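Q: I'd like to go through this one with you piece by piece. Could you keep the answers in plain sentences?

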Amino acid sequence: MELSRIIISEINDQQVVYLRETDGERSFPILIGIFEATSINRRLTGNIPRRPLTHDLLRGVISALGATLQDVMITRMEDHTYFAELRLLDSSGDLITVDSRPSDAIALAVHHDPVVPIYVAEEVLDSVL
């Protein structure tokens with residue numbers, strides 16, 4: 001999947017990111033908070049702050065611990081709420097998964113250059129389309 005669109009509204013509490021299949025036609029929206037939306041938008045527009053913000057900090061901590069973010073995965077949806085995981089490789093190559101909100105997972109993915117892959121479980125796609 002790829003981040004295809006972000007909608008930021010200053011009058012609503014919920015912002016929207018759209019994910020689209022990189023090699024298909026399916027896409028769907030995820031409602032996120034204003035802080036995650038602005039973090040994603042800053043990175044996508046190249047507006048890099050002089051000091052690290054939350055997702056920059058997390059990227060730095062992962063790196064300082066000798067791990068790398070392999071990808072992020074939106075794993076399931078329950079009661080209209082999405083769940084995600086960060087999938088890290090530690091220094092010995094072992095996979096570590098960390099629970100995450102999808103908004104933070106997507107924000108962290110776009111804070112890498114190149115952007116870390118974003119995956120969505122097939123059952124999630126089936127349930128939203």
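Q: Let's start with aspartate 79: is it buried or exposed?
A: Bearing in mind that this is a predicted model, aspartate 79 has a relative accessible area of 75% and is therefore exposed, the cut-off for that class being over 50%.

Q: And where does aspartate 79 sit?
A: Aspartate 79 is placed in the loop between β4, which covers 68–78, and β5.

Q: What about histidine 80, what is its phi?
A: The phi of histidine 80 is near 65°, again a positive value in a residue other than glycine. Histidine 80 belongs to the loop between β4 and β5, and its relative accessibility of 75% makes it count as exposed.

Q: Why point those phi values out?
A: Because most residues other than glycine have a negative phi, just as most peptide bonds are trans.

Q: Speaking of peptide bonds, which residues are joined by a cis one?
A: Aspartate 113 and proline 114 are joined by a cis peptide bond, with omega at about 5°. Proline 114 is found in the loop between α3 and β7.

Q: Let's move on to the sheets. What is the strand order in the four-stranded one?
A: The order is β6-β5-β4-β7, in an open sheet with mixed pairing. At its edges are β6 (95–100) and β7 (118–120), each of which pairs on one side only. If direction is ignored, neighbouring strands of this sheet are turned by 25° against each other on average.

Q: How many bridges are there between β5 and β6?
A: Six bridges pair strand β5, residues 81–89, with β6 in the antiparallel sense. As an example of who faces whom, leucine 86 stands opposite valine 98 in β6.

Q: And the three-stranded sheet, what is its order and pairing?
A: That open sheet runs in the order β1-β2-β3, and its pairing is antiparallel. β1 (2–7) and β3 (27–32) each have a single partner strand, so they stand at the edges and one side of each is left without a neighbour in the sheet. From one strand to the next, the twist averages 25°.

Q: How many bridges hold β1 to β2?
A: β1 and strand β2, which spans residues 15–20, pair in the antiparallel sense over five bridges. Within this pairing, valine 17 in β2 is the bridge partner of isoleucine 6.

Q: Switching topic to the surface, which residues form the nonpolar patch?
A: The patch consists of Leu57, Leu58, Val61 and Leu65, which together have about 380 Å² of accessible area. Leucine 58 is located in helix α2, residues 54–64, and with a relative accessibility of 35% this leucine 58 counts as partly exposed.

Q: One more, proline 49: where is it, and what does it contact?
A: Proline 49 lies in the loop between α1 and α2. If its neighbours within four places in sequence are set aside, proline 49 is in contact with Arg42 and Asp56. Its relative accessibility is 29%, so proline 49 counts as partly exposed.

Q: How far is proline 49 from leucine 69?
A: These two residues are 20 residues apart along the chain, and their C-alpha atoms are separated by 22 Å.

Note on methods: Residues numbered from 1 in each chain as written. Predicted model: local features only at pLDDT ≥ 70, side-chain atom pairs only at ≥ 80, totals over all residues. Heavy atoms only, no water. Pairing = 2+ DSSP bridges. Helix = DSSP H or I, 4+ residues; strand = E, 2+ residues; numbered from the N terminus. Axes fitted to C-alpha atoms, helices over the stretch in contact; angles between N-to-C directions. Patch = residues over 30% accessible without salt bridge, like charges linked within 9 Å, V, L, I, M, F, W, Y side chains within 5 Å. Areas by Shrake-Rupley, 256 points an atom, 1.4 Å probe, with all protein chains shown as cover. Salt bridge = Lys/Arg side-chain N within 4 Å of Asp/Glu carboxyl O. Buried < 20%, exposed > 50% of the residue type's maximum accessible area, 1.4 Å probe, protein only. Contact = heavy atoms within 4.5 Å.
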